[in-house]
Amino acid sequence: MFFENYCCFLDLVFFVTTDHRAVKSGRTGAMEIFPESVRKLWDEWELRSMVLVSLFLQIILTIFSNSRKFTVAIWIRILIWWAYLSADWVATVSLGTLSQLGDSEGKHDDMDPNYTLMAFWAPFLLLHLGGPGTITAYSLADNELWLRHLLGLVVQVGVAFYVFLRSWTSRTPLSFLSIPMFVAGIIKYGERTWVLRSASKQHFGDALLPVPDPGPDYAEFMKKYDPEIYKMHRTKKETIGTTEALGLQPIIDGDHGTTLILGRKYINEAYLLFKKQLRHLYAGLILSLDDQQRSEGIIRYVSSEEAFKVVEAELSFFYDVLYTKAVVVYSPLGILLRTVSFLSIIYTLVAFSFFVEMHEFSNVDINITYTLLFGAIFLEIYAIVMLILSDWSIVWLCSSKRKYTLLTNWIHRAITSFPSLTSGKRWSRSMAQNNLIDSCLRDKTKFDHEVNSFFDMNKFLERYWYMTWEKVDDMEESIYSFLLEMTNDVRRDLKKLLKHRGAYVITKMGDSISRKLGWSVVDVEFDHSILLWHIATDLFSYYDDDEDPYPKSARCKISKCMSEYMLYLLVMCPSMLPKGIGKFRFRDTCSEAKRFFQQRRQSISNRKKACRLLLEVETKIEPSQVKGDKSKSVLFEACRLVRKLKSLEMELGEKWEMISRVWMEMLCYAASHCGWAEHAQQLRRGGELLTHVCLLMSHLGVSEQFQILEGEIVPKAIPNLPPPFAPLPFMGGAKAFVAAA
């Protein structure tokens, strides 16, 4: 694969350069079909236009790329995707074109001054190839291709240096001014390659591994072994360990930083959890009981709003590490490199303005050079401002054990002076909605087979035409309360919760309800349950809607939002759910629903009428007995489930309470069974509620990656800690129920 990519890269450069050389020498080529005036214009503006386009793409990436972290707008993703793929290509082709200029300029001493000025643009193209700090990888796959970028670094620096040597002349200071720009360009390109390597799966995990520990010298120990002394030492160690394990030890918040910036008081705790736990979860490493107690001490005893704020800030750090230059930029070495790069560009601008005789060059080329210089300075200043206003600066302030210095005071004032830039928007706070009955009733997928097979238009319509979005703010408290309830009920064995996907709630409702509904969450696969409960929830919300206004209550809304979100995951993000045949079931169910509605289209005047027609179908015989194994449709199984729900001897409000809790349990099951690589992929699409729930569960100890390591003492009793929703002292800046970092 690597060899094929390298060959494609060389073929591209060879094609561009040889085609350009053919045009320059007058040989027959693709450009011969155009009039002479057009070819002349292209020869004059080919390089100039590509260099300006390269700068334009860098500006787009710098300004817009970070917004994909907190927006779900499709146009933003398309814009960033186009700019990301085009930026490297344009800069590479520009360098290839530069390397072919000057072939016919004659002797070295008679070199065209305009070529010398154009050659001065080569290090700017290296700067562009380094990319902005706000995006290094469009997806996680780009991080795995860091070797390709390393090869690109070697090749492109070699091409730029070749252009530099060919244009060298002592008659103008331009050749000397290229040196500081080369320094800035190599720094930026090297940063990008290093960050891609650091974020690749293998190197990310290797960096977290501790130093190998051989343990005590067993051979030396046995020489001095005394059974009585060893027994006394062992007893004392167990006593101390048991005492420490009886509760989470409060520590002074000053150990983690006493400076809490207004509006950013969760950042320090979020960074602590990111550093000590989230990185290890993503790398697939095992966490200890101490890690669980540390995270639980921060998350369990706060409000739902505070818990979700901590988690979203934590995931924001995670996004920065995977998709931006945060690993390098927010480090002492990175600050030094950024300073050197910025000063190099400033020096070049000043020297170019004062020491270069402008009358020797074309006015157009001089203006383009100034545009490149001011553009580079703008990008650097923008990056510095974003660095100061970022969460990483808050961490640096909070981690400082000294009192405020003049510098920290200035940064503090700068951060709080820009509320629009520091509002803390770190993800979209939205959940996608996909409704099966709506999509079947609308049925916009009317494209013929040939068009659909080539463009995949039906899938496009499913993804963007039928999809709506809902805010998650109304869901947070219910989800958080449900997580606390589950973890409190199964305190001694939290891993049991990883197996529940609706049975926990239904079992708690009693044996009668469990007998009626248990089959829908226990006896069928998970994707089967999602489709069953999605259709049943939708149909049940229209049952007796005219007679009882309760379906419009909060619990009904939560149930419907959860139901449509889980269907969206099943259809659009199946890799985030446990493996199954959910897509087959969805397609078969849609096919049966469309046939049902098509046969009764004269009677269906609105959505409510369609739902009632479905509920009027008699379902005494199980649909599976009629259909067999060929069709995986669950449409009328869901109608049977609705009848079971209607037959329950409960108030309508209690039924909606139970339905919403079943959906929250399914959400938790899906979250805990989704790999962290899939969660990380969704961060670049505005984030998923599923990811935030998964991280909350991990902080509460519900994760397979928590294991009691050898030598750890398991507490025999639950410590007396503050009740749920009591304000955690560290949020006020005094103490933290958190194990020492």
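Colleague: How many helices and strands does the protein have?
Modeller: This is a predicted model, where local features need pLDDT of at least 70, side-chain atom pairs count only at pLDDT 80 or more, and totals for chains, interfaces and linings use all residues. Residues are numbered from 1 along each chain as its sequence is written, and side-chain values use heavy atoms, with hydrogens and water left out. Helices (H or I, at least four residues) and strands (E, at least two) are DSSP runs, numbered from the N terminus. The secondary structure comes to 35 helices and four strands.

Colleague: What share of the residues counts as buried?
Modeller: Buried means under 20% relative accessible area, exposed over 50%, and partly exposed in between (1.4 Å probe, protein chains only). Of the 741 residues in the protein, the buried share is 52%.

Colleague: Where does Thr-369 lie, and what is it in contact with beyond its neighbours within four places in sequence?
Modeller: Look in helix H17, residues 363–388, for Thr-369. Thr-369 has a relative accessible area of 0%, so it is buried. Contact means heavy atoms within 4.5 Å. Leaving aside neighbours within four places in sequence, the partners of Thr-369 are Leu-117, Phe-120, Trp-121 and Phe-352.

Colleague: Are helices H23 and H28 roughly parallel or roughly perpendicular?
Modeller: The axes of H23 (residues 473–489) and H28 (residues 554–572) come within 11 Å and cross at roughly 95 degrees. Axes are lines fitted to C-alpha atoms, for helices over the stretch in contact, with angles from 0 to 180 degrees between N-to-C directions. Angles under 35 degrees count as roughly parallel, over 145 as roughly antiparallel, 65 to 115 as roughly perpendicular and the rest as oblique. That makes H23, relative to H28, roughly perpendicular.

Colleague: Which residues of H28 does H23 meet, and what classes are in that contact?
Modeller: From H23, the residues taking part are Asp-474, Met-475, Ser-478 and Ile-479, and they meet Arg-555, Lys-557, Ile-558, Cys-561 and Met-562 in H28. Ala, Val, Leu, Ile, Met, Phe, Trp, Tyr, Cys and Pro count as nonpolar, Asp, Glu, Lys and Arg as charged, and the others, Gly among them, as polar. By class, the contact of H23 with H28 has five nonpolar, one polar and three charged residues.

Colleague: How many salt bridges are there?
Modeller: A salt bridge is a side-chain nitrogen of Lys or Arg within 4 Å of a carboxyl oxygen of Asp or Glu. By this rule, the count is 24.

Colleague: How many residues apart are Glu-485 and Arg-661?
Modeller: Their side chains meet in a salt bridge, at 2.7 Å from N to O. Glu-485 sits in helix H23 and Arg-661 in helix H33 (residues 652–672), so the pair links distant parts of the chain, with a separation of 176 residues. Glu-485 is partly exposed at 24% relative accessibility, while Arg-661 is buried at 14%.

Colleague: Which helices does the pair Arg-555 and Glu-657 tie together?
Modeller: The side chains of Arg-555 and Glu-657 meet in a salt bridge, 3.0 Å from N to O. The pair ties together parts that are 102 residues apart in sequence, because Arg-555 lies in H28 and Glu-657 in H33. Glu-657 has 30% relative accessibility, so it counts as partly exposed. The helices are H28 and H33.

Colleague: Which residues are linked in a network of salt bridges?
Modeller: The residues in that network are Glu-312, Asp-391, Arg-426, Arg-429, Asp-473 and Glu-476.
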